[in-house]
Amino acid sequence: MSYFSGCNNLVTMMNFIISTIFIIFTITLQASTAKAENPLQEFSSREELVQWAGYGEEKLSTVLVTGTVLCEACLHGENQLHAWPISGALVNVECHTSTKRSKKSSAQAITDEYGDFLIDLPSHLHGIPHLERICSVKVLRLPQNSVCRPAHARKQKVLKLSSVGNGIRNYSAGEIKFLQVTSKPLQACNERGSSDKQIAW
């Protein structure tokens, strides 16, 4: 009787061991299958995940818009316009990203002491190949202490592609010029100024 009891205990123990091994094997197999089906689980941190996806803090491309805002005046006794930079002007780049022209994207910058501005366009515009066809630049506001003002409605300035390389596209708005409203230009200055299409008056 004790012999058969010992055999039964041995069989029960063997069944328990085999069942445990089978359960462990099944769990391991399911985990490895799930990992193979979802490769994103391989990434241990957010940084690795966004790097793999191509997004995140490290920019993959850059699109810049540059230009200069100037004020011009014709001094009495001279036959040429004198120009100086306008610092602190608010410049806006607006892009129409829909054929209905209802969807717009914009970015702004303030001119520095030299009248220069540099605007870094949002990343969702980087995939558009010919931004010069849908984007334009406009001076929204001049500093309150500026003696230069537009005489008529402010005009928009088109962009020109100036350089491409190393993941960077540069567009230029060139010089955006305003006339000093307090000056009284001579006829020679008027003729010179009217031939310049960049003057915003």
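Reader: Does I17 count as buried, partly exposed or exposed, and why?

Author: In general, a residue is called partly exposed when its relative accessible area lies between the limits of under 20% for buried and over 50% for exposed. In this predicted model, I17 has a relative accessibility of 39% and therefore counts as partly exposed. The residue is found in helix α1, which covers residues 2–37.

Reader: Which residues make the nonpolar surface patch that includes I17?

Author: The patch is made by L10, M13, M14, F16, I17, I18 and I21, and has an area of about 750 Å². For the chain as a whole, the accessible surface comes to about 13,700 Å², with 57% of it belonging to carbon and sulfur atoms. Of the 201 residues, 29% count as buried.

Reader: What pattern do the helices and strands follow along the sequence?

Author: The chain has three helices and nine strands, and they are arranged as α-α-β-β-β-β-β-β-β-β-β-α. Among contacts with a separation of 6 or more, 59% join residues 24 or more positions apart.

Reader: Where is confidence lowest, and where is it highest?

Author: Confidence is expressed as pLDDT, on a scale from 0 to 100. The chain has a mean of 75, and 62% of its residues reach 70 or more. Helix α2, residues 46–53, is lowest, with a mean of 50, whereas strand β5, residues 116–120, is highest, at 96.

Reader: Over which residues does pLDDT stay under 50?

Author: That stretch is residues 49–57, for which the model has ten contacts beyond four places in sequence.

Notes:
Residues are numbered from 1 along each chain as its sequence is written. This is a predicted model: local features need pLDDT of at least 70, side-chain atom pairs count only at pLDDT 80 or more; totals for chains, interfaces and linings use all residues. Side-chain values use heavy atoms; hydrogens and water are left out. pLDDT is the predictor's confidence in each residue, from 0 to 100. Helices (H or I, at least four residues) and strands (E, at least two) are DSSP runs, numbered from the N terminus. Contact means heavy atoms within 4.5 Å. Patches are made of residues with over 30% relative accessible area and no salt bridge: like charges are joined within 9 Å, nonpolar side chains (Val, Leu, Ile, Met, Phe, Trp, Tyr) within 5 Å. Accessible areas come from the Shrake-Rupley method with a 1.4 Å probe; for residues, only the protein chains shown count as cover. A salt bridge is a side-chain nitrogen of Lys or Arg within 4 Å of a carboxyl oxygen of Asp or Glu. Buried means under 20% relative accessible area, exposed over 50%, partly exposed in between (1.4 Å probe, protein chains only).
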